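Me: I'm new to this one. Can you walk me through it in short answers?

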Amino acid sequence: MHFLTRASPRILLHDRFEGSRELGAGKMALVPYEEAAGIGLQKFHKPLATFSFANRTIQIRQDWRQLGVAAVVWDAAVVLSTYLEMGAVELRGCSAVELGAGTGLVGIVAALLGAHVTITDRKVALEFLKSNVQTNLPPHIQPKAVVKELTWGQNLGSFSPGEFDLILGADIIYLEETFTDLLQTLEHLCSDHSVILLACRIRYERDNNFLAMLERQFTVSKVHYDPGKDVHIYKAQKQNQREDL
């Protein structure tokens with residue numbers, strides 16, 4: 001759910017769907033050629049997506065037409081949120097960051113479960129992201145969630161090296177030109193005890209290529225698979241560390 005380009009004058013977004021449209025500068029929408037291109041797309045056009053996590057009803061605002069892939073809830077975010085709710089990692093008092101947060105669902109759930117969370121995406125998505133965070137976190141939990149700009153491989157100086165115990169990412173590894181910057185970002189944010197959890201659907205060979213790149217710098221294992229949504233969760237830690245969070 002990370003935005004797909006850096007500073008290119010024209011944008012072609014095509015990786016998640018067959019049909020796409022080239023857009024002028026400043027436009028971030030992904031619009032299929034066929035407005036009703038399959039039942040699978042209908043959920044993305046709904047203004048609200050409703051979930052139940054951490055004994056709360058969470059209503060996530062979606063804005064497909066204006067922000068495209070960054071402003072809808074993908075299955076990987078739901079699966080990763082469910083995995084966190086299962087107690088797979090200890091979140092109370094944990095310092096966490098969500099990368100390419102999009103709608104913010106994963107970060108919101110992590111905060112509700114007790115983590116101190118920095119929820120990140122590119123600058124153009126931040127106001128939308130903040131609105132979802134503020135709507136879904138009660139006042140006493142809101143101080144535990146900070147929305148902050150992070151463009152992979154660029155403004156890393158805004159984050160202390162090894163700042164976080166837990167790095168979360170849902171459906172963020174699908175665009176090959178971002179892989180090097182994403183790896184640099186993970187390396188910067190991780191300490192020796194940090195745990196990375198990445199939820200993704202393996203769509204293309206390049207997705208496996210990213211996992212191979214990740215394994216050169218981190219110890220990687222698959223810790224969960226949801227067959228209904230075809231989503232995998234991978235855990236990664238720096239190679240000299242194998243202990244659980």
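Reply: Start with a term: accessible areas come from the Shrake-Rupley method with a 1.4 Å probe, and for residues only the protein chains shown count as cover. On that basis the chain exposes about 11000 Å². Carbon and sulfur atoms supply 48% of that area.

Me: What kind of model is it, and what goes into the numbers?
Reply: It is a predicted model: local features need pLDDT of at least 70, side-chain atom pairs count only at pLDDT 80 or more, and totals for chains, interfaces and linings use all residues. Residues are numbered from 1 along each chain as its sequence is written, and side-chain values use heavy atoms, with hydrogens and water left out.

Me: How many helices and strands are in the chain?
Reply: The chain has 6 helices and 11 strands. Helices (H or I, at least four residues) and strands (E, at least two) are DSSP runs, numbered from the N terminus.

Me: And what percentage of the residues is buried?
Reply: Buried residues are 56% of the 245 in the chain. Buried means under 20% relative accessible area, exposed over 50%, partly exposed in between (1.4 Å probe, protein chains only).

Me: Which residues touch the most other members of the largest nonpolar core?
Reply: Leu80, Leu84, Leu105, Leu166 and Leu197, out of 45 residues in that core. A nonpolar core is a set of buried Ala, Val, Leu, Ile, Met, Phe, Trp, Tyr and Cys residues joined through side-chain atoms within 4.5 Å. Apart from it lies another core of 27 residues, including Phe210 and Leu214.

Me: What does Leu105 touch?
Reply: Leaving out residues up to four places away in sequence, Leu105 touches Phe51, Phe53, Ile58, Ile60, Val73, Ala77, Val78 and Ser81. Contact means heavy atoms within 4.5 Å.

Me: Why is helix H3 largely enclosed?
Reply: In H3 (residues 105-112), 8 of the 8 residues are buried, so the rest of the structure largely encloses it. Leu105 and Gly107 are among them. Just after H3, Gly114 takes a positive phi of about 115 degrees.

Me: Switching to the sheet. What is the strand order?
Reply: S7-S6-S5-S8-S9-S11-S10, in an open sheet of 7 strands with mixed pairing. Two strands pair if DSSP finds at least two bridges between them. S7 (145-149) and S10 (218-226) are the edges; each has a single partner strand, so one side of each lacks a neighbour in the sheet.

Me: How do S9 and S11 run?
Reply: Antiparallel, with 5 bridges joining S9 (residues 190-200) to S11 (residues 231-238). Leu198 stands opposite Tyr234 in S11.
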